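Please examine the model shown here, and consider on what grounds its features receive their names.

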Amino acid sequence: MAFEIPQDLHPDLMPLAWLLGRWEGRGHGDYPTIEKFEFGQQIDFSHNGKPYLHYVSQTYVVGEDGTKERPLAVETGFWRPKPDNKLEVVLAHPTGFAEIWYGEIDGAKIEMRTDVVARTATAKEVAAGHRLYGLVKGELMWAYDMAAEGQPLQPHLWATLIRA
């Protein structure tokens with residue numbers, strides 16, 4: 001699918017312009033405290049002319065025929081590019097925790113790590129994270145390593161998405 005940079009895109013967002021739009025696909029999850037699983041995902045990156053992207057990720061259980069069966073996780077937030085290809089990301093989760101991430105933009109690759117994870121009294125214990133996003137042959141590929149529930153930082157989720 002052809003991609004065009006919106007005319008009203010804030011100039012600070014040019015390093016992230018390749019993310020704009022809706023991405024859909026499938027992913028995998030694994031962690032010592034759960035069974036392996038597969039999921040469907042939709043990610044939306046949008047802008048309103050200000051120097052940040054609004055991000056929403058929704059995952060769901062996928063049936064054998066590929067249909068959405070039930071929702072899994074949701075996260076939303078803001079991706080804020082800074083000078084020298086730096087990136088600040090603020091994410092919130094309805095399960096009771098919020099994160100501040102710092103990272104770097106290197107062309108069509110983004111790597112970031114948590115700086116702060118804050119949680120409510122009833123949220124699961126998430127201690128740290130590391131994320132990698134990249135545009136590979138027109139596909140958005142991403143991976144998320146997590147430290148949670150007393151486990152060290154290790155692979156948790158990964159997916160490949162295509163522009164919808």
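Q: Which residue in S10 stands opposite Trp-23, and what makes S1 and S10 paired strands?
A: Trp-23 stands opposite Arg-163 in S10. Strands are DSSP runs (E, at least two residues), numbered from the N terminus. Two strands pair if DSSP finds at least two bridges between them; S1 (residues 21-31) and S10 (residues 154-163) have seven, in the antiparallel sense, and therefore count as paired.

Q: On what basis are these values given?
A: The model is predicted: local features need pLDDT of at least 70, side-chain atom pairs count only at pLDDT 80 or more, and totals for chains, interfaces and linings use all residues. Side-chain values use heavy atoms, with hydrogens and water left out, and residues are numbered from 1 along each chain as its sequence is written.

Q: Why is the contact of Glu-75 with Arg-131 called a salt bridge?
A: The term requires a side-chain nitrogen of Lys or Arg within 4 Å of a carboxyl oxygen of Asp or Glu. The closest N and O atoms of Glu-75 and Arg-131 are 2.8 Å apart, so the contact qualifies. Glu-75 lies in strand S4 and Arg-131 in strand S8, so the pair ties together parts 56 residues apart in sequence.

Q: Is Arg-131 buried or exposed?
A: Buried means under 20% relative accessible area, exposed over 50%, and partly exposed in between (1.4 Å probe, protein chains only). Arg-131 has 3% relative accessibility and therefore counts as buried. Glu-75, at 10%, is likewise buried.

Definitions and conventions:
Helix = DSSP H or I, 4+ residues; strand = E, 2+ residues; numbered from the N terminus.
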